[in-house]
Amino acid sequence: MNHWVARARAAEPAAIAVLLRGSHARGEAGPHSDLDLTVLTSEPPLTRYRAELVETEEGRLLHVSVGALSWANWLAERNVPAEWSFSLPTRQAARVLWVAAAYEAALADPLVLQPPGPPNLEDFVEAAAKVKNAFVAGDELALRLAAQDLAGWAPSLLRPLNPPVIVGSHAAALRVVLEFPVVPPSYCPDMLACLGLSGQAISAEELHERALRLAVGIIDLLAPHVEELADQLEPDLPRYPRDGRLRRYLRQGI
């Protein structure tokens, strides 16, 4: 690691710390895991990302990725939901490989904590409409993409109804949302089908049915809780699950 710390510091003269992140920092690295380093800088970095394939002593190639962030952006990350977390809050492990003396106290605990994403009803409804439009048009590719989007937004609406959980990786986030205890009927197989992760060939007709069943089921679960979630949802939308119009909108034409 000392070799990579030295190279990272040489590449970024404003470096104030070098962190190990990803599976190696979590202690979960496999034989094909890459080495993820993050260089923190006191001013905007010269290069945001570098990557190399390196020959190891064992005769294997190792993928090394070196990202660089200014200290200000590193701190700002804590206010932005992770894109990969299915709207769950995250705790990402990091290990300090080197740090300038002035920042030792600030990096005594280098964990990256990011908040959950808000319930996203608007994009969820739009994805459901795209599923229906693609099915009517016979556009199977667009149907499958829209179903993926629908399933991607679904956990944001279910998260407030389920026990709080913090995740540290993309795979862990998926497992958590599939195991939510408060979900509509057929939720897990419908989610896997929409995400394209069921391991089975699913026709356009069946995917259309599963996607809309998932959408309607989530809205039915959400409706009784709209009042308590109103300040987290997009303006004006909370009244539609409550008065039944959103359910009618999702089901019209099918």
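In the predicted model, Asn120 makes contacts with Trp153, Ser156, Leu157 and Glu234, when residues up to four places away in sequence are left aside. Asn120 is placed in the loop that runs between β7 (112–114) and α4 (121–137). With a relative accessible area of 13%, Asn120 falls under the 20% limit and is therefore buried.

Most residues other than glycine have a negative phi. Phe86, although not a glycine, has a positive phi of about 55°, and this residue is found in the loop between α3 (71–76) and β5 (90–92). Ser186, likewise not a glycine, has a positive phi of about 65° and belongs to the loop that lies between α6 (170–178) and α7 (187–195).

The largest pocket of the predicted model holds about 300 Å³ of space. Its lining is made up of 15 residues, of which Arg21, Ala82, Trp84, Gln92 and Gln114 are the closest to the pocket centre. When the lining of this pocket is divided by residue class, 5 residues are nonpolar, 5 are polar and 5 are charged.

Note on methods. Residues numbered from 1 in each chain as written. Predicted model: local features only at pLDDT ≥ 70, side-chain atom pairs only at ≥ 80, totals over all residues. Heavy atoms only, no water. Helix = DSSP H or I, 4+ residues; strand = E, 2+ residues; numbered from the N terminus. Buried < 20%, exposed > 50% of the residue type's maximum accessible area, 1.4 Å probe, protein only. Contact = heavy atoms within 4.5 Å. 1 Å grid on protein atoms, 1.4 Å probe; cavity = no way out; pocket = protein on both sides within 12 Å on 5 of 7 lines; lining within 4 Å. Points joined across faces, edges and corners; volume = space filled by probe spheres on them. Nonpolar A, V, L, I, M, F, W, Y, C, P; charged D, E, K, R; others polar.
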